[in-house]
Amino acid sequence: MNSNNPFENAMKQLTRSVAKLRIKNSELRIKVERLKNPEKIIQVWFPVRLDDGSEKIFEGYRVQYNSALGPYKGGIRFHSDVSLDEVKALAFLMTVKCALVDIPMGGGKGGVVVDPKGLSEKELERLSRAYVRAIAKDIGPDVDIPAPDVNTNPKIMAWMVDEFAKQLTINNSQLIKRKKLIKGEVLATFTGKPLNKGGSKGRVEATGRGGVYVLQALLRKLRTTNYKLQTIAVQGVGNVGSIFGRLAEAAGFKVVALSDSKGAIYNPRGLEVGAVAAWKKSTGKVTDYPNSQNLTNTELLELPVDILVPAALENVLTAENAGRVRAKIILELANGPTTLQADEIFRKKRVHIIPDFLANAGGVTVSYFEWLQNIKGQHWLERKVNEELKIKIEKAFERVWQIHHSQGVDLRTAAYLSALQKLT
Ligand code: NAD
């Protein structure tokens, strides 16, 4: 039975990947069992004053999934569909992602059940601050380090770090009973901050950039070096999709299709990603872009391209459409774009899927660099950030490729095994 429970699906994917190996390895089984539950779930209800003077209670979570490798690390999502199971699934994914790219951090995730579009700027700020007050005693630079996720951004991180700093100075606060934090450590409690508030150069671009690095690493293994012949369709031109598209184009790839929530465009001779982004900015959509064909988002997924890049939503590649997908490589920049059934179909079709927790690991990698810079009082040049990112992503890919090759398993299974080797 197909479940809509994101946590159950994540667990099924983990067990199914490992079961593929048919290994009677009890040590591995123990490691998998340990990963089936979070270490701690924090559930909070907190009041927020609205602009009309009334007060509303909001519900939020912070899931601290696994700290075997270091402090919990993961974003905070503001969305009306946030649920405990979703936050647990995303916190689990952060655990394997950090292990896979070999950063000394564990997995965590937070969320507040709210439609932020229904709030004024002031209400959004009060909500962000109230959530931080509610979880303040459970976070810190060596405990749990939040970051932005869906509907949260650098400005919200700046409010959050400011509120956390205030809590540290309040008399009788539970926070002042712990080790006194110096300024850099206070900043290091959150990543994804604005540049002038302790953020890192290259953080905004990191997820898309990491996606290009890992794609190039795969193509090198497949002995494909002429990127001009490689066509790409990108679903979703948000932060991740548009930056990936721009950087892929700069690396020589031919981006032929792009989409947003309203529809898709296609030009087999290639689109100019920057010009499409400018078009979207002025018209509010990508469709009707000059010299291109309008398509639906479903049609984009089935185009005759070499590389398909889902960079928007989860569960877009399903049992229903997987058979019609013609791309030979799928780079999962979105979290969870492929259902379990579709994954099975792609496996049989021998499609190379670069799994989400490898494909989009650039974001958390540069978040870790931001944390390091804050702790050490350093400011890295963008060139250094990008070079270090490339090293981390290429090494992670190489480990996955070796397992893929030596054990004859697909890249997702190999990535799980690589992460499990690190997680004790
Ligand atoms: P975003 O909100 O900036 O962009 C999402 C894009 O998807 C928008 O262009 C939107 O128009 C488009 N979209 C929405 N519904 C669509 C639909 N039905 N069909 C096609 N397009 C649709 O979000 P983002 O930060 O770019 O994140 C995208 C994905 O990447 C998410 O799954 C997120 O979890 C994942 N991710 C993001 C980061 C990061 O650093 N931002 C890191 C890791 C993973």
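A polar contact is taken here as a pair of N or O atoms within 3.5 Å; within protein, one must be able to donate a hydrogen and the other to accept it, and residues adjacent in sequence count only if both atoms are side-chain atoms. The model is a predicted one, so local features need pLDDT of at least 70 and side-chain atom pairs count only at pLDDT 80 or more, while totals for chains, interfaces and linings use all residues. Residues are numbered from 1 along each chain as its sequence is written, and side-chain values use heavy atoms, with hydrogens and water left out.

Start with the ligand. For Gly-238, the distance from a polar backbone atom to a ligand oxygen is 3.1 Å, and for Ser-261 it is 3.1 Å.

Now for the overall layout. The protein chain splits into domain 1 (40–196) and domain 2 (200–424), with bounds that come from an automatic or database domain assignment. Their C-alpha centres are 27 Å apart. Where they touch (heavy atoms within 4.5 Å), domain 1 puts in 31 residues and domain 2 puts in 29. Together the two domains bury about 2600 Å², with 69% of it on carbon and sulfur atoms; buried area is the accessible area (1.4 Å probe) that two parts lose on being put together, summed over both. On the domain 1 side, Lys-97, Leu-100 and Val-101 lose the most area to domain 2, together 26% of what that side buries.

As for polar links, eight residue pairs are in polar contact between the domains, both residues being at pLDDT 80 or more. Helix α3 (84–100), strand β5 (144–148) and helix α6 (183–187) each supply at least two residues to the side of domain 1 that touches domain 2; helices (H or I, at least four residues) and strands (E, at least two) are DSSP runs, numbered from the N terminus. The biggest giver is α3, with ten residues.

Salt bridges (a side-chain nitrogen of Lys or Arg within 4 Å of a carboxyl oxygen of Asp or Glu) come to 30 by this rule. One of them pairs Arg-77 with Asp-149, their closest N and O atoms being 2.5 Å apart. Arg-77 lies in strand β3 (residues 72–79) and Asp-149 in the loop between β5 and α5 (154–169), so this pair ties together parts that are 72 residues apart in sequence.
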